[in-house]
Amino acid sequence: MSGFSDYDKYDGLGLAELVRKKEVKPSELVEETISRIERLNPQLNAVIYKMYELARKAADGDLPDGPFKGVPFLMKDILMAYAGVPLTMGSRFFKDFIPDHDSELVKRFKAAGIIVVGKTNTPEFGLVPITEPELFGPTNNPWDLSRTPGGSSGGSAAAVAARMVPLAHASDGGGSIRMPASCCGVFGLKPTRGRNPIGPDFGEAWRGLVCDHVLTRSVRDSAAMLDATAGPDIGAPYYAVPPTRSFLSEVSSDPGKLRIAFTSEPFLGSIVDEDCVKGLEATAKLCKDLGHEVSEAAPQIDGKAFAKAFLTIVCVETRATIEGGEVLLNRKASFKDFEPSTWVLGLLGRQCRAPELSKSLDLAQLTARQIGEFFSTYDVLLTPTLAMPPVTTGALQPKGVRAVAMRLLGSLNAGVLINKLSGIDVSAQHVFGFMPYTPLFNVTGQPAMSVPLYWNNDGLPIGMQFVGRYGDEATLFRLASQLEKARPWSERIPPICAKPS
């Protein structure tokens, strides 16, 4: 059978239920997914590596009897290894790297019953909030092809929004699950630090800033997948306290009366688009109408110091990835192997002294203490996910003199000069203007989610970020389910969307 005409009517759990009842075969779902990718990917460029034959083989075999048995799935092309399949991380330097093993999270995805049909686009090393790698080209937003789907999980978000798959793998080191969820009008939860495994190739990623999960159309798919994947793997440096009951059971539970603080004041940037403020105000009102105690309040941090500390950590980790790649691939890296901005970040990281990194980590941890104190008063914090609607493709790329300088200084390996020119400060201002709300909670390790609750007059989605206490995904899932029922988003379909074959 070439397809399954009712594919769009079901989320991942719904499709799995049809498979269990033998009303549809996994092979039929796989063929429908392949058909949709083939029709839409020329416009979206969301899928950069096709695993069709592997998927067909899996669909015809004995699949694990997990909650997502037979459901098509896409993997983000970063960090998580899938044996025998390229892992490029959006980088020319790694374009020929093929791991010989599965990461633990990939094993758990497979045990949940999913069938991986391909890998999705991501910016080089997942460094920026847009998905425009030189290696594969930009991914386009299905709501408006001239705009970004966000990053770094932009390929996954675009694919889920366009109904290629009901859910897809994503990762988040500064907002990379939540930002594309906002730009593409899907649901994205960043779990608590240590909730999902990241081994065996990493003890932690970006000093604990990075975690992995999925992007979905329904809240319950996110909860069910977290039930399937959560828990420490062998040798994990830390892990989140286990939940008292399943996350999926929380989805059908009343959240009670929550104390919700909200703010539009950016933690790291300075300007917030009027549409994002309108979305916040409408969401705050919705929460109040649902019976929650809603008040305007926000944790106070030194945004400039935090931004510099965050970027210092990222620069050092970028350099470590480059040098680690040299060992892994047994060849020397050069400026020509990377995008200019990536190489420059690596140069800045090479110039960073050990005490400077230590101070940055200390500041990050002290900030987490401050935020923890704020959450002793409130159950949830509400902000816009981003400071503006999805921007046009190329809008956040270096331009003019800055682009020329970056290429020149990078080609000269002029890390010292870049540092003297306050390179990290300049990079921080450029990046955080678009994403002033999300990185804070990678540092604190708290769970946070972007919920698609608002669309502007141009028909562009604007997500709302809800942050919970450390280890308290349960409250977020209960609240998200309540919001999903009160203001459902599943019927909002982007202009570029797969139709039944």
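Is Glu17 buried, partly exposed or exposed? Select Glu17 and you will find that it counts as partly exposed, at 33% relative accessibility (buried means under 20% relative accessible area, exposed over 50%, partly exposed in between, with a 1.4 Å probe and protein chains only).

Before moving on, a word on the model. This is a predicted model, with residues numbered from 1 along each chain as its sequence is written, and local features need pLDDT of at least 70. Side-chain atom pairs count only at pLDDT 80 or more, while totals for chains, interfaces and linings use all residues; side-chain values use heavy atoms, leaving out hydrogens and water.

Arg20 and Glu17 form a salt bridge, with 3.5 Å between the closest N and O atoms (a salt bridge is a side-chain nitrogen of Lys or Arg within 4 Å of a carboxyl oxygen of Asp or Glu). The two residues are separated by about one helical turn because they sit 3 residues apart in helix α1, residues 12–20 (helices are DSSP runs of H or I, at least four residues, numbered from the N terminus). Arg20 is partly exposed, at 38%.

Now go to helix α2, residues 26–44, and pick Glu32 and Arg36, 4 residues apart or about one turn. Their side chains meet in a salt bridge of 2.6 Å, N to O, and both residues are buried.

Then select Asp102 and Lys110, a salt bridge whose closest N and O atoms are 2.7 Å apart. Asp102 is buried at 14%, whereas Lys110 is partly exposed at 27%.

Finally, show Asp8, Glu32, Arg36 and Arg39 together: salt bridges with shared partners join them into one network. The whole structure holds 28 salt bridges.
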